[in-house]
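This report is written for a reader new to the structure below.

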Amino acid sequence: MSRPMSRTRACVTAALVTLTSLVALTGTTAPAYADECYSWGRTLSSGTSGPDVAELQVRVAGWAGYGVNMAIDGNYGAQTVGAVRGFQTAYGLGSDGVAGPATYAKIYELQDADCTPAHFSYAEVDGGCGAGGYGGGSVGEATVKSNLLRAMWRAEALRQRLGNQPLTVTSGFRSQACDQQVGGSGTGQHTYGTAIDLVSSAVSLCTIAGGARYAGFGGIFGPGYPGHDDHVHVDVRSGQTWSAPSCGI
Ligand SMILES: [Zn+2]
């Protein structure tokens, strides 16, 4: 049988509970800082490596240059230097290829609490065919979400490159069943979460496809490629497979 708490002990406990509640309250009422997603703890530059480099690479891969589909490998090499320079230039920062406080501040401004970039969300790229979610694909759900995040950050770069014009996702992740239902092979890029289909109310499909060549996309299919006259498909597959004949691509 436990003894009742002494009066003093009870007061201390009450005070602690109050403190804890205050901390919890502060946590929930604080502004939605983007670094709820991820914060970098050091300046990164050529030659550094680690998971923090990989986190950076995911966010700047759309700025590595024409036809550069950089690996997210955690090694800060020449392509990462180029991508960081491109990112810095695009957002009006000093372009030194080194990721420090100013670069991180811009990324924090761009990323939402769930790590998606400002103008794209998981809700618009999750399961197609009305199913929602990330199941039934060619890889596990965590990999699907990770791939979608990579695609969305490159799409954010593309959007910025096109003059901050709206891009609308018409299809993102598809389960294998969904992919077959819409006429796909059932094992295509969409079933890995690596692909998104885009349209825009402000720019032409050829403008999207043309810009995508600079935004780190390994796969680009647009007007003139069978089945792609009403959207541009972009994906983050390795290598380079582009076809939009009506756009000269
Ligand atoms: Zn597609």
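## Elements along the chain

The protein contains 8 helices and 5 strands. In sequence order, these elements follow the pattern α-α-α-α-α-α-β-α-β-α-β-β-β.

## Confidence

The model is predicted. Its mean pLDDT is 89, and 86% of the residues of the protein reach 70 or more. Residues 1-32 have a pLDDT below 50. Beyond near neighbours in sequence, this stretch has 3 contacts in the model.

## Burial and contacts

Of the 249 residues in the protein, 35% are buried. Contacts can also be sorted by how far apart their residues lie in sequence. Taking contacts between residues at least 6 apart in sequence, 60% join residues at least 24 apart.

## Strand β2 and its partners

Strand β2 spans residues 195-199 and is mostly covered, with 4 of its 5 residues buried. Which strands are joined to β2 by bridges? One is β1, residues 168-171, which is joined to β2 by 3 bridges. Another is β4, residues 232-235, which is joined to β2 by 4 bridges. Strand β1 runs antiparallel to β2, and β4 also runs antiparallel to β2.

On the side of β4, Val232 stands opposite Leu198.

How values were computed:
Residues numbered from 1 in each chain as written. Predicted model: local features only at pLDDT ≥ 70, side-chain atom pairs only at ≥ 80, totals over all residues. Helix = DSSP H or I, 4+ residues; strand = E, 2+ residues; numbered from the N terminus. Buried ≥ 20, exposed ≤ 12 C-beta atoms within 10 Å, placed from the backbone. Contact = placed C-beta atoms within 7 Å. pLDDT = per-residue confidence, 0-100. Pairing = 2+ DSSP bridges.
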